[in-house]
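Hi,

Here is the structure I promised to pass on. Have a look at it first, and my notes on what turned up follow below.

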Amino acid sequence: MIKIKNDIFILETMDTSYILKKDANGLLKHLYYGKKIKVDDHETFFAPLELSGSFLPGNAIRYDKTEPGNIFLEDELLEISSPGKGDFREPFIELVHPDGTVTSDFVFDSFETYRGKKILADYPSSYAVSNGSFEKSGIGSENISDTASDVCTLKIHLLDRNMPELKLTLIYTVFEKENVIVRSGRLDYSKAEADTGSEGSSEHNASQDKDQKVHADADSEESKDLVFIKKFYSSQLDLDDPDLILTTFNNAWSREMNRVDQPITVGRHMNSRAPGVSTNISNPFFMVESPDTTEDHGNVYGFNIIYSGCHSESVEKNEFGLIRVLAGIDPDVLDIGIGSGGSFQVPEEVLSFSDKGYNGLSRNMHTFINDHIIAFGKAHRRRKILFNSWEAAYFKISESKLLSMAKDARDLGAQIFVVDDGWFIGRDSDNAALGDWTVDNKKFPHGLRSFGEKLKSLGLEFGIWVEPEMISEKSRLFEEHPDWALKIPGKSHSEGRNQMLLDLSRTEVQDHIIKVISDLLNSADIKYVKWDFNRVMTDMFSACVKLYPESHRLNAFYDPEHNAFYSTSVITQDGNEEKPHKERFGTEIYIKDFSSYPYLYYQGLYRVMKVLTDTFPQVLFEGCASGGSRFDLGMLSMFPQIWASDDTDPIERAFIQRGCSYGYPLSAIGTHISSSPNHGTLRNTPLGTRAAISLFGAAGIELDTGNLTSVEKEQIREFVKIYSETSAIITEGSFYRTRPYGNAVLDQIQSFVNNSALLSPDSVLSRYSQNICAWNAVSPDKSASIGMVLQVLNIPDQVRLKISVRGLDPDALYEVVLLQDPLNVKVFGDLINTMSPVHIRQNGFVHGIIEKKVKLRTEELKVKAYGSALSEGGLILPAAYAGTGFDEKTRVFPDFSARLIIARKIK
Ligand code: DGJ
């Protein structure tokens, strides 16, 4: 709901209030964002939120001597900021005017509100849905106070007092149920508008100050009266709370989404890197919270951009203890110019607040992403279990080998069979053939259609791997189009995984990718695509990018005029060519150098993704970038799930997936059961643990089926059965990270970590300071929950382990069971001799026979309890084996053990 009272704008969600105010100078001040507060017709409800007083301290800069009040911007909470008027913090927007001045002074001009939300023309964006269709119209200027829609938008237009030709529009969409506010901004440059004044419900026209209007030489070919955008973030949030923590998710390949907490001290912290991708080094999701925040209590803000390219988050505390949080496109890739008549839109930033700790924030983000980011309805689709050939066979694939694997996969319960890398001509290793998407007839003598039909007759759907944004130097495509590769002519170039990027800023390259991938998807009955991206961006150059003083035209993402998402021709599923709506449509910009290249690249990529996902709606696309190097909302808006990491070791994965879960729903996280020892870590782990971790996501199987014993096959079948019974809870339900209570293990490991010179607080291993990882997901009607508890290292004489099951109906009665896994007698090693009348050689022949004959299971637990008891009191698991005794109630819980806990409502 949006309420407007005089000069105050109140954006209300179910549990939060976001309040801003236009002051007497026309400045937009931020008053409050947090837990919902009472707002009524009382004129002064906002009085405690404002700084009053009229004297400026010491060497403070007075904002404007001709304006009322003594405003010192550095000590104000501002809704947006710009340089040059006494605010020395990182600015929201920084422009270079045609005369070279860099001082901007945006003041309020007018506003409008409307129900629903418009889709952005230039980027993937969040959507509102009404009766199954996008809401995108309904402009009005009435105060929305009793809207039936729970999604409504406020646009505030500001004009630059230094250059009134510039209009800055701040766009806020309120998603009431999800407790989310989406912000973005747009800069319009129009001389005509400044001369005639702006239309609409202008309350304060700031364009009267004509004296300050700056004119560049109209005849100058060089300047063209351009305005250059140096910085333009998507959101700014100024907070008057000096004691806050910044939580980011950083690390590297195979170590994605490692949570890092740090106190926000005076100065500036940046969460950005510019390798041309959102990256595993610094994921764009981050949080700012009170130091006392826990999983279930405390105030926490969450932020995420709907964009996959270079992003930047700046968190700065100034000398007055005010904290400014900015998030948006990395200024390093901006420096983009627009001329009169031009405009520039920034992507959307998702903001949410919860006073219910990290879990509360995660639930806001999960619901929002499932319902308003991932293409309509796709997040809620039940996920089929897939089998992926990569860790099963790598490049050594052939039709016969894959079909025999497919039979095993089908017997295990898989529903989709995915042929990963290696299926196309010349692709026997990772040093050739990217770009040549023609099937290798030696490996598939009857072609892909026939292979797909064979899969179908086995009851499996056909999935395939592609990496369309890439080109290998050893490829036909490179021979034909060397200039399509991203490299600087005449200079030696850098390679990642022996490959280069294609220049996606070129429309012909975009069209080529659309064509070859369309041809591939039309060549067989393909239902799933894994879209990989295995190197980041270097050697930025494009023969087709026109540099300043020439102008460059971008393809738009969405064509509002034709209500379509692309502007050049596409080949439809039935092989027909769909003609362009308009030959050239999109924004005209000026670029001085190739540092802006990543920006252009993503405009091209989004067009390609949108055309393909629109043309092939039956195909489920899974994003992948050497695992989770592009795990972001831009990708998720079109690809409903992303392979979270190339690290398939379940212990690593537990922490990677837990990291993802802070900001992303389980429906989006690709998870597979792999073999043991793991190919990346060489760590041995029980199959039960691998299965338990994989269950919490878009699950699959990725191992050599030939190595599975019959017991293991049975165990995987059981896993598939549980997955199909519970996948609706995973994709639709609420997720809770839980922690054990009264567990001395935590303290022991923590002191081990602190005493180790090798481990810094944010090092890779510090996550093991949380020796226990536990969580549960609950169905929307609270009738069932599935939970998981994992122990990293076993600690002697630690028999007690309590977990909690959260989110249940407090008054309902549940039956809780632990799922029992097969327990291999060899886990006890030569202790077998304490039971055996004759000596048995460990791992010898007799030991092998006993292993097959003796069928042990993990411990039994079946209890009934009320939801409130399970959540608040917790559930104590059966005592752990601690050197003596073993029976069916003893929890044998060596290193890397996990258990699944199912709760079903019975009354
Ligand atoms: C990297 C991916 O993350 C892997 O899963 C696999 O698809 C390989 N690429 C194939 O080259």
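Predicted model: local features only at pLDDT ≥ 70, side-chain atom pairs only at ≥ 80, totals over all residues.

Let me start with a proline: Pro677 sits in the loop between strand 36 (669-673) and helix 11. Helices here are DSSP runs of H or I with at least four residues, strands are runs of E with at least two, and both are numbered from the N terminus. The peptide bond from Ser676 to Pro677 is cis, with omega near 0°.

Residues are numbered from 1 along each chain as its sequence is written, and side-chain values use heavy atoms, with hydrogens and water left out.

Back to the backbone. Tyr548 and Pro549 are also joined by a cis peptide bond, with omega about 15°; Pro549 is in the loop between strand 29 (526-531) and strand 30 (552-553). Asn498 has a positive phi of about 60° despite not being a glycine, and you'll find Asn498 in the loop between helix 6 (476-480) and strand 28 (499-501).

Now the ligand. It has 13 residues around it, with Asp420, Asp421, Lys530, Asp532 and Asp646 coming nearest (a residue counts if one of its heavy atoms lies within 4 Å). By class, that shell has four nonpolar, three polar and six charged residues. The classes go like this: Ala, Val, Leu, Ile, Met, Phe, Trp, Tyr, Cys and Pro are nonpolar, Asp, Glu, Lys and Arg are charged, and the others, Gly among them, are polar.

Polar contacts (N or O pairs within 3.5 Å) to ligand oxygen atoms include a polar side-chain atom of Asp421 at 2.6 Å and one of Trp465 at 3.1 Å. Gly627 uses a polar backbone atom, 3.3 Å from a ligand oxygen. The protein covers 97% of the 300 Å² of accessible area that the ligand has on its own (Shrake-Rupley method, 1.4 Å probe).

The search runs on a 1 Å grid over the protein atoms alone: a cavity is a set of points where a 1.4 Å probe fits but cannot get out, a pocket is an open set with protein on both sides within 12 Å along at least five of seven lines, and lining residues have an atom within 4 Å of a point. Points are joined across faces, edges and corners, and a volume is the space filled by probe spheres set on them.

The largest pocket has a volume of about 1,400 Å³. Its lining comes to 44 residues, with Leu687, Glu712, Gln715, Pro822 and Asn824 nearest the centre. Elements giving two or more residues to that lining include helix 11 (687-694), helix 14 (845-853) and strand 47 (897-905), but helix 12 gives the most, with six. The lining splits into 15 nonpolar, 15 polar and 14 charged residues.

There are six cavities of 30 Å³ or more, and the largest cavity holds about 140 Å³. Leu27, Tyr63, Ile80 and Phe106 are among the residues lining the largest cavity, a lining of seven nonpolar, three polar and two charged residues.

Last, salt bridges (a Lys or Arg side-chain nitrogen within 4 Å of an Asp or Glu carboxyl oxygen): the whole structure has 51. In one of them, Arg324 meets Asp87 at 2.9 Å, N to O. That pair links distant parts of the chain, 237 residues apart, with Arg324 in strand 20 (residues 323-329) and Asp87 in the loop between strand 4 (28-35) and strand 5 (93-96).

Cheers

Notes
Polar contact = N/O pair within 3.5 Å; in protein donor to acceptor, adjacent residues only side chain to side chain.
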